[in-house]
Amino acid sequence: MEMLQSIHEVLSQPWPWWAGGITIGITLFFLLYFGKEFGLSANLRTMCAADGAGEFSDFFNFDWQSQGWNLMVALGAMFGGYMAATYFSPDQEAHISQETVISLNEISKDVPGSQLVYGEVPIVPAPTVEKADIPDFWNLYSWKSLFSLRGFIIIVGGGFLIGFGSRYAGGCTSGHAISGIADLQLPSLVAVISFFIGGLIMTYVFLPFILKIPF
Amino acid sequence: MKFFKYIMVGFLFGFGAYKLEMISFFRIYEMFHFQDFHMYGIIITGITFGIIITQLFKLGFVKTSKGEQKTFNPKAHTWPRYIIGGIIFGMGWALTGVCSGMMFVLMGSGYTVFGVFIAAAMLGTFVYGMVRKHIPH
């Protein structure tokens, strides 16, 4: 019992970056060992096909039932997120650098009461049980936010770009940045560099304006 | 039962992704502003282990659970799709702070509005399927 408690305590600490290599490594190893691939965006195509999109485009006419295993990986990821969020994250914080807090506060400086405090930044921009009093400016992942223009762009616009872009590029962060580069595929390296070009354009050029839309 | 092992692998990945703050909008913002090593540390160690593991399978040191040689599909060397598609994906990644794996983790973590995000992502994939013959690959 005491051992379980200490395991719980260790896992509840913020994880260091090198734990990322272990997490990703174990995930990739087992998926390859089972004869599969690591690539989560492929599920979007499967979900479209399962909803009958094959009637509209040959792209969705494939044996989607053979992709059920990948949907199970996604389902497992949902459970994993639930367990980590509910039982293993006592502070619900993103332990970002002070520099990042300063630059985020620069975006929201004209909105009173919306400043983030270093060391107390919530893990995602949404109210949680531990941090219910998040400033409205940073309340992005909620149903209330969805019904504002700003939130609509972030939730629906972002989702659309992810879904369109990942299939167009033939993979996402797991498919290209991990699986593809690990297989030393040049196209995957080009894709990941392009992810960063797109990300830099968004985060420097558009994101500050989108966040500042007042409605 | 044959699906249980995949749920377990996904569970481990989702658990780790949450604890590593890979699901955090703020972490993704920080990464794109080069303000901390955290996300780069995850990517670099992930790729390092990934290369070792992939080569072990490719060179035949490790076989699949059925005892077979794992095969990998080389990606076609046509560039527009990786560049244009990649930029579109990257813009979505930085806008919401979420990629296609993390949307499932967030949904499970209790941010139910990600049901709408996933639906929007399916719409994006659907639209791609409709227009793919008319855009450069």
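How many helices and strands does the secondary structure of chain B come to? The count is 6 helices and 0 strands, where helices (H or I, at least four residues) and strands (E, at least two) are DSSP runs, numbered from the N terminus. Read from the N terminus on, that gives the order α-α-α-α-α-α.

Before going further, some ground rules. This is a predicted model, in which local features need pLDDT of at least 70 and side-chain atom pairs count only at pLDDT 80 or more, while totals for chains, interfaces and linings use all residues. Residues are numbered from 1 along each chain as its sequence is written, and chains are lettered from A and ligands numbered from 1 in the order in which they are written.

**Chain B as a whole**

The C-alpha trace of chain B spans about 40 × 40 × 35 Å along its principal axes. Of the 137 residues in chain B, 56% are buried; a residue is buried if 20 or more other C-beta atoms lie within 10 Å of its own, exposed if 12 or fewer, and partly exposed in between, with C-beta atoms placed from the backbone.

**Where the two chains meet**

Chain B puts 97 residues in contact with 107 residues of chain A. Here, two residues are in contact if their C-beta atoms, placed from the backbone, lie within 7 Å. On the side of chain B that touches chain A, helix 4 of chain B gives the most, with 16 residues.

| Class | Residues on the side of chain B that touches chain A |
|---|---|
| Nonpolar (Ala, Val, Leu, Ile, Met, Phe, Trp, Tyr, Cys and Pro) | 56 residues |
| Polar (the others, Gly among them) | 29 residues |

**Helix 2 of chain B**

Now take helix 2 of chain B, residues 25-32. It is largely enclosed by the rest of the structure, because 8 of its 8 residues are buried. Among them are F25(B), R27(B), E30(B) and F32(B). The buried residues of this helix pack against helix 5 (98-107) and helix 9 (186-211) of chain A, along with helix 3 (38-58) and helix 4 (80-96) of chain B. After helix 2 of chain B comes F34(B), with a positive phi near 55 degrees.

**A residue on the other side**

Over in chain A, A85(A) sits in helix 4 (residues 68-87). A85(A) is buried, with 25 other C-beta atoms within 10 Å. Leaving out residues up to four places away in sequence, A85(A) touches Y18(B), S109(B) and G110(B). Its C-alpha atom is separated by 9.8 Å from that of I123(A), 38 residues apart along the chain.
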